[in-house]
Amino acid sequence: MNIWLNEQNHQREHTLVSATYAGGIYTSNTVFCLFEPNAEGMQADSFPVESSIYYGTRVGRPYPICCLQTPDSVPVHSREERIAYIKERRREDLGQDTSPELLERILWEQENGGDGPSLAKIMNELAALHPVKDTAHQSLPVLPLLPNLTQAINMGATDSRAVLVLVRPERAAPTMAAPMDEIARRLLFEKGIVGRMHAVVATPTEWADAKAAGKVVGGELETGMMLLRPGFFGRSAEVQTEIHASACLGETRASLTQALKLFRETWRKPDRAQLIKKGVADGITWREWDPKAKCMSDVPPNRKMDGPLGHVADGRR
């Protein structure tokens with residue numbers, strides 16, 4: 001979740017992590033968390049808070065995870081030193097005493113999940129707590145969609161992923177899943193496809209507007225599945241592959257598989273240093289929520305490339 005997207009995201013992120021960090025406003029730009037399906041705040045009209053997190057990565061962890069550790073995730077400080085530090089930081093920055101339960105969870109997160117295998121172990125443990133229901137085969141999974149095309153392109157550049165846009169035909173009733181949607185719900189979880197792209201839904205009007213504004217270039221279809229190649233800075237994308245909305249399951253599978261193969265073989269983002277240099281040279285700018293001015297602001301291209309706003313290299317628009 002990108003804290004700079006809008007005021008709502010800014011407020012929501014601060015329900016997961018403190019609004020204060022070391023005495024100042026908490027401006028980390030992204031939060032990643034794992035939740036149990038029945039965690040408090042997971043309903044559509046609510047939002048989870050810190051205590052709902054099953055496991056958090058990076059700044060999604062319970063506050064604060066900032067005691068020094070070695071590269072192999074072995075804490076340098078003793079358990080007693082870490083307990084004292086955590087209690088002091090939460091008392092000074094948040095004005096809160098730390099319960100024994102929360103303290104143990106913070107220590108556990110600090111000591112676990114520091115590499116791929118250990119994070120996979122945590123994810124498997126979470127999955128085991130909520131096994132697949134016997135009736136699961138009777139329905140299709142929910143499409144893993146990002147909120148809108150702007151965020152999908154931005155996250156595609158950040159994560160080095162293709163972006164799949166489902167442009168639904170106007171005739172598809174909003175309350176009914178179009179055949180194209182049903183095909184996507186099957187394919188996006190198949191081996192070789194799952195996890196290799198970000199997906200988003202757009203109306204034909206939204207798609208046309210994105211092309212008129214130059215956010216998307218190329219392509220001829222007005223509806224269907226569009227696989228995009230995001231620009232390195234996540235501000236725009238080009239159409240690599242188009243699939244007709246009327247394509248059958250087999251045709252769509254073959255087209256997506258081939259398109260992802262081509263993307264994987266040909267799309268390479270420059271490393272961080274190269275990307276920063278290119279961004280400065282090209283005068284890259286972006287719009288983001290300014291928590292002090294309480295409005296969306298244009299970040300000037302000559303802004304100093306450090307601090308909470310200096311993350312053009314991360315693929316943000």
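This is a short tour of a predicted model, stop by stop, with something to select at each one. Residues are numbered from 1 along each chain as its sequence is written, and side-chain values use heavy atoms, with hydrogens and water left out. Local features need pLDDT of at least 70 and side-chain atom pairs count only at pLDDT 80 or more, while totals for chains, interfaces and linings use all residues.

**Stop one: a strand and its partner**

Start by selecting residues 197-202, which make up strand β6. Strands here are DSSP runs of E with at least two residues, helices are runs of H or I with at least four, and both are numbered from the N terminus. Five of the six residues in β6 are buried, so the strand is largely enclosed by the rest of the structure. Buried means under 20% relative accessible area, exposed means over 50%, and partly exposed is in between (1.4 Å probe, protein chains only).

To see how they line up, pick V163 and look across to H198 in β6.

Step back into the loop between α5 (149-159) and β5, and click on S160. Most residues other than glycine have a negative phi. S160 is not a glycine, yet its phi is positive, about 55 degrees. With 31% relative accessibility, S160 counts as partly exposed.

Next, jump to K294, in the loop between β10 (286-290) and β11 (295-299). K294 is another non-glycine with a positive phi, here near 60 degrees. Is K294 buried or exposed? Its relative accessibility is 56%, so K294 counts as exposed.

**Stop three: inside a helix**

Select residues 100-111 to bring up helix α3, then zoom in on L107. L107 has a relative accessible area of 0%, so it is buried. Which residues does L107 touch, not counting those up to four places away in sequence? Show R79, R82, I83 and I86: these are its contacts, meaning heavy atoms within 4.5 Å. Then draw a C-alpha to C-alpha distance from L107 to I65: they are 8.4 Å apart in space and 42 residues apart in sequence.

**Last stop: the cysteines**

Finish with C33 and C248. C33 counts as partly exposed because its relative accessibility is 21%; C248, at 39%, also counts as partly exposed. How many disulfides does a search of the whole structure find? The search turns up zero, where a disulfide is a pair of cysteine sulfur atoms within 2.5 Å.

Terms used
Pairing = 2+ DSSP bridges.
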